[in-house]
Amino acid sequence: MAVRAGRQLLAIPGPTNIPDEVLQAMHRPAVDIYAGPLIALTDSLLQDLVKLFATAGRSYIYIANGHGAWEAALTNVLSKGDKVLVLESGMFALSWGDAAKRLGVDVEVLAGDWRHAVRPEQVEARLRLDAGATIKAILAVQIDTSTGVLTDIKAIGEAIKTVGHDALFMVDTVASLACVPFAMDAWGVDVAMAGSQKGLMTPPGLGFVAAGERARAPHQRADLRTPYWDWSVRDGESHYQKYAGTPPEQLLFALRQALDMLFDEGLDNVFLRHQLLAEAVRRAVSIWQKGKKIDFNVADAAQRSNTVTTVLLGEGFDPRLLHDYCNFKCGVALGRGLGKLNGRAFRIAHMGHINAPMILGTLGVIEMALRALDIPHGGGGVEAAIEWLTDSVKA
Ligand SMILES: *Cc1c(COP(=O)(O)O)cnc(C)c1O
């Protein structure tokens, strides 16, 4: 027997649930790419993106996923043989570093243990050893979706400033933008990137990069620039150049709708909604933890992200069975363990277009699976989540 008919809930950390309004916004014929309305749409999106990143710099929209936006960020400011320091927070930080390596960049990884956020004092110590300023850029991920860890980007920015090192600070906000606060200029970030399909509730296919003032000079020198990613081409006057070709019209309509929804709700409310729903998930996991077979991947509670929770499953229990039960019996798709957490963890995304019934439903289904599969756990995780939400959301 299965009880999965009805709407499937995506609790994978991307792509996330797309609002019906966003889907419907795409259901339009293509329009003239040389006429006013589309040009005005592009202008409004570029302006709203710099607002989201919180920078006085410029933003760029690529027809690409996050991997494309990574490449866009790297190629616009680096040259072959430049050295970058990757701050390891999980698989996504390492993958961004791998992309740099394949482009011919010299990559050094500041090792992390996948259970903690990047430590600012460790970054500071490493930069102090770089007296010759050989490190040209520092790559960090605000929320590493594999580990579920939130790194304090502001604190890392301060550490860089304390040393007085002038490497560019480049940050991946794919799993955090429009879910938790981000303040590019105020935190000393020079280049930031994101994608459409996570907190921004839009179908996959758009990659975003924001470039601050300090990224301009390295951009002039960068020899990794290529025609498609190049900011200088996209800074040109013609609308066609903004996309280095035909604009992805329907995705732009979708993004416009999604941004309107986020701004209507108010970003502070969006952040608070994420925090409350993430905490509901954590309350449930804390109860399940009592059976000693379930644990948070992120050791320090203050470093657990508000967009994804990575849950470790004890030896002898196969997370695939849990995934299959949730998905095929109940219609909830959970995230899998990535990299070295493959086969040892499951992930609960709480990112983007989510509300209390979606989260409580997801938690309820996981609790069903824990029971059905005889995975020892403290009972009443969902109740703990309900209690937290009731305390937080007053009548
Ligand atoms: C999803 C994700 C990416 C990669 O995005 P794709 O669109 O899959 O290429 C990069 N960084 C983080 C933090 C992510 O969560």
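Good morning, colleagues. The structure is a predicted model, in which local features need pLDDT of at least 70 and side-chain atom pairs count only at pLDDT 80 or more, while totals for chains, interfaces and linings use all residues. Residues are numbered from 1 along each chain as its sequence is written, and side-chain values use heavy atoms, with hydrogens and water left out.

I begin with the ligand. It is surrounded by 13 residues, and the closest are His67, Thr145, Asp172, Gln197 and Lys198; a residue belongs here if one of its heavy atoms lies within 4 Å of the molecule. By class, this shell holds 6 nonpolar, 5 polar and 2 charged residues. In that scheme Ala, Val, Leu, Ile, Met, Phe, Trp, Tyr, Cys and Pro count as nonpolar, Asp, Glu, Lys and Arg as charged, and the others, Gly among them, as polar. The largest share of the shell, 3 residues, is supplied by helix H3 (residues 66–77). Helices (H or I, at least four residues) and strands (E, at least two) are DSSP runs, numbered from the N terminus.

In glutamine 197, an N or O atom of the side chain lies 2.6 Å from a ligand oxygen, and for asparagine 65 the corresponding distance to a ligand oxygen is 3.5 Å. The protein buries 90% of the 380 Å² that the ligand exposes when taken alone. A polar contact here is a pair of N or O atoms within 3.5 Å; within protein, one must be able to donate a hydrogen and the other to accept it, and residues adjacent in sequence count only if both atoms are side-chain atoms. Accessible areas come from the Shrake-Rupley method with a 1.4 Å probe, and for residues only the protein chains shown count as cover.

Is threonine 16 buried or exposed? At 5% relative accessibility it counts as buried; buried means under 20% relative accessible area, exposed over 50%, and partly exposed in between (1.4 Å probe, protein chains only). Its side chain reaches the backbone oxygen of lysine 198 at 2.9 Å. Beyond residues up to four places away in sequence, threonine 16 touches Leu10, Gln197, Lys198, Met201 and Met351, where contact means heavy atoms within 4.5 Å. Proline 15 is found in the loop between S1 and H1 as well, and a cis peptide bond with omega of about -5 degrees joins glycine 14 to proline 15. Most residues other than glycine have a negative phi, and most peptide bonds are trans.

Two further residues bear on phi. Alanine 178, in the loop between S8 and strand S9 (191–195), has a positive phi near 70 degrees and is buried at 2% relative accessible area. Lysine 292, in the loop between H11 and strand S11 (294–296), also has a positive phi near 70 degrees, but lysine 292 is exposed, with a relative accessible area of 74%.

Now the strands. In strand S13 (residues 332–336), 4 of the 5 residues are buried. Strand S1 (residues 9–11) runs parallel to S13 and is joined to it by 3 bridges, with alanine 11 opposite leucine 334. With strand S14 (residues 345–349), S13 pairs in the antiparallel sense over 2 bridges, and glycine 335 has arginine 347 as its bridge partner. Two strands pair if DSSP finds at least two bridges between them.

Finally, two helices. In helix H6 (residues 153–163), the buried residues are Ile153, Ala155, Ile156, Gly157, Ala159 and Ile160. What do these buried residues pack against? They pack against strand S3 (83–87), helix H5 (120–128), strand S5 (135–141) and strand S8 (168–172). At the start of H6, a side-chain oxygen of aspartate 152 comes within 3.2 Å of the backbone nitrogen of lysine 154. Glycine 164, with a positive phi near 75 degrees, follows the helix.

Helix H11 (residues 267–288) contains isoleucine 287, which is buried at 17% relative accessible area. Thank you for your attention.
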